[in-house]
Amino acid sequence: MDKPTHLIEFETMLLGRHLYLNSPRARVGGRLERSAYIVLSRIRMEGPMSIGQLSDAFGLDASTLNRQTAAMLRGGLVERIPDPEGGIARKFRITAEGERRLDTHRTESVGALEKVMADWDPEEVAAFAGYLKRFNTDIENLDERPWPRP
């Protein structure tokens, strides 16, 4: 690992593992599946979305998204609705249960991050957030799939 990019690859691999495994609820199955968390977050930002829109947003094939949304439907996290704009394709909208679970997941994640960074200076936390945003934005630009931000 003689290049900084090698270190970044290794550390992002560990980061993905730590963010999921360090939640007590993740260990007992009470936490949202990663794909559900990401899809729910996107629908919350953009409003109801069709399979085609989700496919474009994530760069995934429709069959993968059909499986993911079917599991979310069974779990009561989303519901199918007619297109509010009158289109033919039905769209997925977050249910009250989906909103509740998404909020709970996010609150737990933020709490875990705050615990990890408890000894960091506020400036360090802000700088790290800025670097992560830049890193993610650059990936989105290369992939031509920007992620909406609050």
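## A core and a helix crossing

In this predicted model, the largest nonpolar core has 18 residues, and L32, L40, I43, L54 and M72 touch the most other members. A nonpolar core here is a set of buried Ala, Val, Leu, Ile, Met, Phe, Trp, Tyr and Cys residues joined through side-chain atoms within 4.5 Å; buried means under 20% relative accessible area with a 1.4 Å probe, protein chains only. At least two residues of this core come from each of α3, α4, α5 and β2, and α3 gives the largest share, 5 residues.

M72 touches A36, V39, L40, L77 and V78, leaving aside residues up to four places away in sequence. Contact means heavy atoms within 4.5 Å.

Helices are DSSP runs of H or I with at least four residues, strands are E runs of at least two, and both are numbered from the N terminus.

| Helix | Residues | Residues in the contact |
|---|---|---|
| α4 | 51-58 | I51, L54, S55, F58 |
| α5 | 62-74 | A62, L65, N66, T69 |

By class, this contact of α4 with α5 has 5 nonpolar, 3 polar and no charged residues. The two helices pack at an angle of about 115 degrees, with axes 9 Å apart. They are therefore roughly perpendicular to each other, a label that covers 65 to 115 degrees.

Elsewhere, E144 sits in the segment after α7 (122-143). Its phi is near 60 degrees, a positive value in a residue other than glycine.

Residues are numbered from 1 along each chain as its sequence is written. Local features need pLDDT of at least 70, side-chain atom pairs count only at pLDDT 80 or more, totals for chains, interfaces and linings use all residues, and side-chain values use heavy atoms, without hydrogens and water.

Conventions:
Axes fitted to C-alpha atoms, helices over the stretch in contact; angles between N-to-C directions. Parallel < 35°, antiparallel > 145°, perpendicular 65-115°, else oblique. Nonpolar A, V, L, I, M, F, W, Y, C, P; charged D, E, K, R; others polar. Buried < 20%, exposed > 50% of the residue type's maximum accessible area, 1.4 Å probe, protein only.
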